[in-house]
Amino acid sequence: MNEYIAVILIIVIAIIFNNLNTKIRKLEKEVSDLNSKINKKDLQPEITQEAVPAEETITSSPLQTHTQDPRRETIIPNESTEPTPTIQKDWLNPVFEFLKQNILTVIGIFTLVLGIGYFVKYAIDKNWIGETARAGIGLCTGAVIMLTGHFLRKNYKTFASIITGGGIAVLYFTITIAFREYHLFTQNTAFVITSVITAVSIALSYYYRSEVLIIFSLIGGFTAPLMISTGESNYLFLFTYFTLLNIGMLVTAFLQHWKSVGWTAFIFTSIYLLYWTADLPDLLSIAFYLISYIIFYIFALQDYFRKNELSVPDILMLALINGSSIIGLTYIFNELEYEPVIIFPLIFALVNAILVFREYGKRNSGTPFSVFAGITISLITIAVALQFKAHLITSVWAIEATLLLFIWKKTGHQIFKTCFYILFPLVIFAQVITWCEYFNAKDLSIVFNPVFLTSLVTIASIGINLYLLKNINKEAEAKTHTFFEDLITMASYGVIYSAILLEIVYHINTMPWTAIVNVGLLYSICYIFILLLFRKKLGIANDLQNGLIYLFFFLIMINISASTSSVVSDILSKQLQNSFYILHLLQWLPFIYVTLKIIPDTAFHPSKASYWIVSLAFIVSVSCELHHLYVLATSHNVAESYAAKNHFNILYLPIIWTLLASILIYIGLRKNIQEYNKVGFALIGLMVLKLYGYDVWQMDNISRISAFIALGVILLLSSFTFQRLKNIIRNMVDTKKSNEENQDL
């Protein structure tokens, strides 16, 4: 029953196709007649340029030949003699256009090949044909499909190329099945046959001048060894074959100028080389890495030697071939323990340096000069990093990301910006994996160890990235950053911060945990201080500046209140030296500088909450610092510190808060900042509540008398000072008004 349904469907499809074919031929005849009429009108001598309407200048149909009558050019009305400006197009557009126009053809030929395969399987299951006949049917089917493409090539070039490619695929699969399943050939015979198929398909591609067909041919040529593989690794024979295939690709690319051919060969060659490198690092593979480097470098430079220009695919090829070759060759040297490992980056740098000097000799500072210079500097940087045993993948990716960003800045092609956005997260991921070695490493040197040297390479590349992004925004006169650029900027500062912090923590990991936390917080405070200090040169946005200032004061309060309190306990318990407390005091330098110098020069204070944050940080810092100093001065062990803390909180803390409140109120009156006045009076209210609600009941008589007398004197002196200050301000205002009135008179 199924057989009858299939036959009926085939007949219906054939009828539909015949009707469509008849209509298409009729349409082609009408178009041909219309074009012949237009050509006859063009040949009439009485028609002048003024008499020809614009509607008659019809673009020739794709079915016409490409020859053009030179007299047609003289009748185009009002043709401008100015050259048309070159519009930069996305180099991926041709690929998408090809897929949009031919996706049905590709799917159709793929489906046809599968259908033939299922038919052969069905015939095998029914025992209609033997093994030799099966292979013969496959070969004949492939040949018939290729002949069909051959006869269709004149009018349907792309369609015919895809059809021919499908026929080639049928031949490859037939030979593979005949070798693997039926054992009709030996491996050598099967390889010779597949090589012949590849050679014939490449020759047909050149004869038909079909870029699509040669891509099919290369895919078949590179996958043929997989089809006839027996699992044995004969890499010498395999890569000798690939080298010959790549040389044929190079010749074809030079003759026909087909970029996609080189990229197809590069992708397959790189995959095979990397697999060989991971599977069996061998000295022989170095030779094939160098041969492939030369072949694809020549391919990438063909436009440069012809027209002294580099297109986007060429620049990408140069960057990728250098990066992949360095990774593979360096990995092999490391696995085989050969030295010096920097020889290949230096050789590749020398090759690019020659091209740099060639451009310099011609006094040319265009795109080629920038690309070759960027690659040369990148390779030298990689060589230095590898010499100091930095991690390979992280270093190469970091430098490649910077190279892509540099090329984007010089050329303006968005593809390099996109590649940078893709590669930068991989750099961070690789760097995080590198940092994980801190957990297992032992006795690493300070600074000069593989983990931190890799971090230094990443930090250097990130610094260059930030500089390039800043300059790009300036040149584009961009007043706002994009989301990705802001995200990259924050991630970059985070990577730099983490790299230095982890190195510090690793080398002090034998100290008590409280000391490690205290040092980490002090480093964080200093790091934020440096960012704020160089905020203008770094181009940090105002919102980010405000966020950093808030974070700065939060870390100051956390460090001086909680962390330093634990440090004091460790000092009293003899786990830390007294001198360690001096290190903690360093945080006062950035705190004072940020408060007095940086904040007035930022957009931090327009918010009322900012005054409360600054005041709170000031109050907490002074109170806690005096608390810690008092405990250290009066206690000799942890047990004595409890009584000292309680005595300080009850007796001295209210006095300190009263003084701080007076200072804040004075500053508020002097600078006419109402928020400081509010903070001061709020602190006095809190002190009064604490004093009368709790402290007075905990004091002895002498302490109570001393505290009340001291607080009373301080409050009275503060009030007297404020009254005098008010009178002075009032007199100044009155004097100013009187002077203005006298001037008016």
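I call two residues in contact when they have heavy atoms within 4.5 Å of each other.

**Ground rules.** I am working on a predicted model, where local features need pLDDT of at least 70, side-chain atom pairs count only at pLDDT 80 or more, and totals for chains, interfaces and linings use all residues. Residues are numbered from 1 along each chain as its sequence is written, and side-chain values use heavy atoms, with hydrogens and water left out.

**Entry 1: S492.** I began with this serine, which is found in helix α17; helices here are DSSP runs (H or I, at least four residues), numbered from the N terminus. Is S492 buried or exposed? S492 has a relative accessible area of 0%, so I noted it as buried (buried means under 20% relative accessible area, exposed over 50%, partly exposed in between, with a 1.4 Å probe and protein chains only). Setting aside residues up to four places away in sequence, S492 touches F424, I462 and L466.

**Entry 2: α15 against α17.** Next I looked up how helix α15 (residues 414–435) packs on helix α17 (residues 483–507): the angle is about 20 degrees and the axes are 12 Å apart. The axes are lines fitted to C-alpha atoms over the stretch in contact, and angles run from 0 to 180 degrees between N-to-C directions. The two helices are therefore roughly parallel, a label for angles under 35 degrees. On the α15 side I listed K417, F420, Y421, F424, I428 and W435; their partners in α17 include E485, S492 and L502. Sorted by class, this contact has 11 nonpolar, 2 polar and 2 charged residues. For those classes, Ala, Val, Leu, Ile, Met, Phe, Trp, Tyr, Cys and Pro count as nonpolar, Asp, Glu, Lys and Arg as charged, and the others, Gly among them, as polar.

**Entry 3: the nonpolar cores.** A nonpolar core is a set of buried Ala, Val, Leu, Ile, Met, Phe, Trp, Tyr and Cys residues joined through side-chain atoms within 4.5 Å. The largest has 153 residues, and F239, M249, L318, F416, F552 and F553 touch the most other members. Which helix gives the most to this core? Helix α11 (residues 312–336) does, with 12 residues. Beyond four places in sequence, L318 is in contact with Y297, A300, L301, L310, V371, F372 and I375. Another core, of 12 residues, lies apart from the largest one, with A515, L576, Y581 and V631 among its members.

**Entry 4: M146.** My last stop was M146, in helix α3 (residues 131–152). M146 counts as buried because its relative accessibility is 15%. Leaving out neighbours within four places in sequence, M146 is in contact with T164, G167, I168, L171 and L204. I also checked A160, 14 residues from M146 along the chain, and their C-alpha atoms are separated by 8.6 Å.

Note on methods
Angles under 35 degrees count as roughly parallel, over 145 as roughly antiparallel, 65 to 115 as roughly perpendicular and the rest as oblique.
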